[in-house]
Amino acid sequence: GRSTADPEFGVIRANYVAKPLRALESATWFVVEEHKKDPSTGNMRPVLEPMPDCEAEKVEELYQRAIYAASSLGNGIDPILSEKVKLEGTEYHIEVCKESGHYLMRKVPNSWFGKSY
């Protein structure tokens, strides 16, 4: 069934079926800070850290503009590919990248020489 988000009361209401209210929670962007070895498998796993709200809002805005620019309503994504969101207190920024024919948001070193993907 369909649901409706009610931001005023912070709940999600089911429209056509009887279901209990669910809490409406905000989403955020995460950054891979490091990789750690998983003791059960021995594989390296990323450690995700949530971005501070001010940076997450800027990344979300860049993401939304990229989606619109790449859509049939937009004027093309090429101008968006040169935009960056600086991660305060780090030597990195976030940008939209094209990889294997797909667009993605990537954490990239600020130095030109550090960019390797």
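**Notebook: charged and aromatic side chains**

I began with glutamate 99 and arginine 106, whose side chains meet in a salt bridge at 2.5 Å, N to O. The model is a predicted one. I looked up the accessibility of both partners. Glutamate 99 has 29% relative accessibility and counts as partly exposed; arginine 106, at 23%, also counts as partly exposed.

I then searched the whole structure for salt bridges and found six. One of them joins glutamate 61 to arginine 65, with an N to O distance of 2.5 Å. I placed both residues in helix 1, four residues apart, which is about one turn of the helix. Glutamate 61 is partly exposed, with a relative accessible area of 40%. Arginine 65 is partly exposed as well, at 30%.

Next I looked up arginine 13, whose side chain meets that of aspartate 6 in a salt bridge of 3.1 Å, N to O. I noted arginine 13 as partly exposed, at 33% relative accessibility. Aspartate 6 counts as buried because its relative accessibility is 16%, under the 20% cut-off.

Glutamate 55 sits in helix 1. I looked for what else lies around this residue. A polar atom of the glutamate 55 side chain lies 2.6 Å from the backbone nitrogen of glutamate 88. Leaving out residues up to four places away in sequence, I listed the contacts of glutamate 55 as Val85, Lys86, Leu87 and Glu88.

I moved on to the rings. How many aromatic pairs does the structure hold? I found one. Tryptophan 29 and tyrosine 63 make an edge-to-face pair, with 5.3 Å from centre to centre and 70° between the planes. This pair links distant parts of the chain: I placed tryptophan 29 in the loop between strand 3 (22-23) and strand 4 (30-37), and tyrosine 63 in helix 1 (residues 53-70), 34 residues apart. I noted tyrosine 63 as partly exposed, with a relative accessible area of 31%.

My last entry concerns a charge over a ring. Lysine 107 lies over the face of tyrosine 92, and I recorded 4.5 Å from the ring centre.

Note on methods:
Residues are numbered from 1 along each chain as its sequence is written. This is a predicted model: local features need pLDDT of at least 70, side-chain atom pairs count only at pLDDT 80 or more; totals for chains, interfaces and linings use all residues. Side-chain values use heavy atoms; hydrogens and water are left out. Rings of Phe, Tyr and Trp (its six-membered ring) pair if their centres lie within 6.5 Å; planes under 30 degrees apart count as stacked, over 60 as edge-to-face and the rest as tilted. Helices (H or I, at least four residues) and strands (E, at least two) are DSSP runs, numbered from the N terminus. Buried means under 20% relative accessible area, exposed over 50%, partly exposed in between (1.4 Å probe, protein chains only). A charge sits over a ring if NZ of Lys or CZ of Arg is within 6 Å of the ring centre and within 35 degrees of the ring normal. A polar contact is a pair of N or O atoms within 3.5 Å; within protein, one must be able to donate a hydrogen and the other to accept it, and residues adjacent in sequence count only if both atoms are side-chain atoms. Contact means heavy atoms within 4.5 Å. A salt bridge is a side-chain nitrogen of Lys or Arg within 4 Å of a carboxyl oxygen of Asp or Glu.
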